Amino acid sequence: MSAPASLFLSPFGQVARMQTTSAQAVARGFFGRCPNCGRGKMFDHFLKVADCCPVCGEELFHQRADDFPAYLVILLVGHIVVPLALLVETEYAPVMWLQVAVWVPVTLGLALGLLQPIKGAIVAIQWFGGMHGFGRRRSGRV
Ligand SMILES: [Zn+2]
């Protein structure tokens, strides 16, 4: 499978065609940008993927991230917070109300802060891999 190509408008008004690498696509998605052009916003609202890129018109409604971003966020945040909470408990043994006052906001902040970037990266992976409806459009099999 060849890397998807993106069309760009150069500063001189010429249309340029560039290959998008998987790392570029994932980074663009992680930062909430269109995996195709990297300039348009991927999300209309929090966690709501736009139907199309407002800059290049790339169709994004084919995404099927479903619960996978939430699964990855739970896995990641759990592997960050639980060892830290255990370390603090064994080393300092703070009172329980202090543990709750610290770890609940940290857990919620990490989970909410990582959910949209991880969803963006997953949508970008689906776009790059031609999964679901993404592949039909690029290959002209619509
Ligand atoms: Zn775009």
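Tutor: α2 and α3 are roughly antiparallel to each other (over 145 degrees; under 35 is roughly parallel, 65 to 115 roughly perpendicular, the rest oblique). The model is predicted: local features need pLDDT of at least 70, side-chain atom pairs count only at pLDDT 80 or more, and totals for chains, interfaces and linings use all residues. Residues are numbered from 1 along each chain as its sequence is written.

Student: At what angle do the axes of α2 and α3 cross?

Tutor: Axes are lines fitted to C-alpha atoms, for helices over the stretch in contact, with angles from 0 to 180 degrees between N-to-C directions. The axes of α2 and α3 come within 8 Å. Their crossing is right-handed (near helix turned clockwise from the far one by less than a right angle; anticlockwise is left-handed). The angle is roughly 150°.

Student: Which residues of α3 meet α2?

Tutor: Contact needs C-beta atoms, placed from the backbone, within 7 Å. On the α2 side, the residues include Phe 68, Leu 72, Leu 76, Ile 80 and Glu 89. On the α3 side they are Gln 99, Trp 103, Val 106, Thr 107, Leu 110, Ala 111, Leu 114, Leu 115, Ile 118, Lys 119 and Ile 122.

Student: What pattern does the protein follow along the sequence?

Tutor: Elements are DSSP runs numbered from the N terminus: helices are H or I with at least four residues, strands E with at least two. There are 4 helices and 4 strands. In order, they read β-β-α-β-β-α-α-α.

Student: What percentage of the residues count as buried?

Tutor: A residue is buried with 20 or more other C-beta atoms within 10 Å of its own, exposed with 12 or fewer, and partly exposed in between; C-beta atoms are placed from the backbone. The protein has 142 residues. The buried share is 23%.

Student: Which residues does Met 42 touch?

Tutor: Residues up to four places away in sequence are left out. The contacts include Gly 29, Gly 32, Arg 33 and Cys 34.

Student: Within what arc do the buried residues of α1 fall?

Tutor: In α1 (residues 22–30), Ala 25, Arg 28 and Gly 29 are buried. They line one face of the helix, because seen down the axis of α1 their directions from axis to C-beta atoms fall within an arc of 95°.

Student: At what angle do the axes of α1 and α3 cross?

Tutor: What covers the buried residues of α1 includes α3. Ala 25, Arg 28 and Gly 29 are among the α1 residues that meet α3, where the partners include Gly 120, Ala 124 and Trp 127. The crossing is right-handed. The axes come within 6 Å and cross at roughly 145°.

Student: Is Ala 93 buried or exposed?

Tutor: Ala 93 is in the loop between α2 and α3. Its phi is positive, near 45°, though it is not a glycine. With 8 C-beta neighbours inside 10 Å, Ala 93 counts as exposed.

Note on methods: Contact = placed C-beta atoms within 7 Å.
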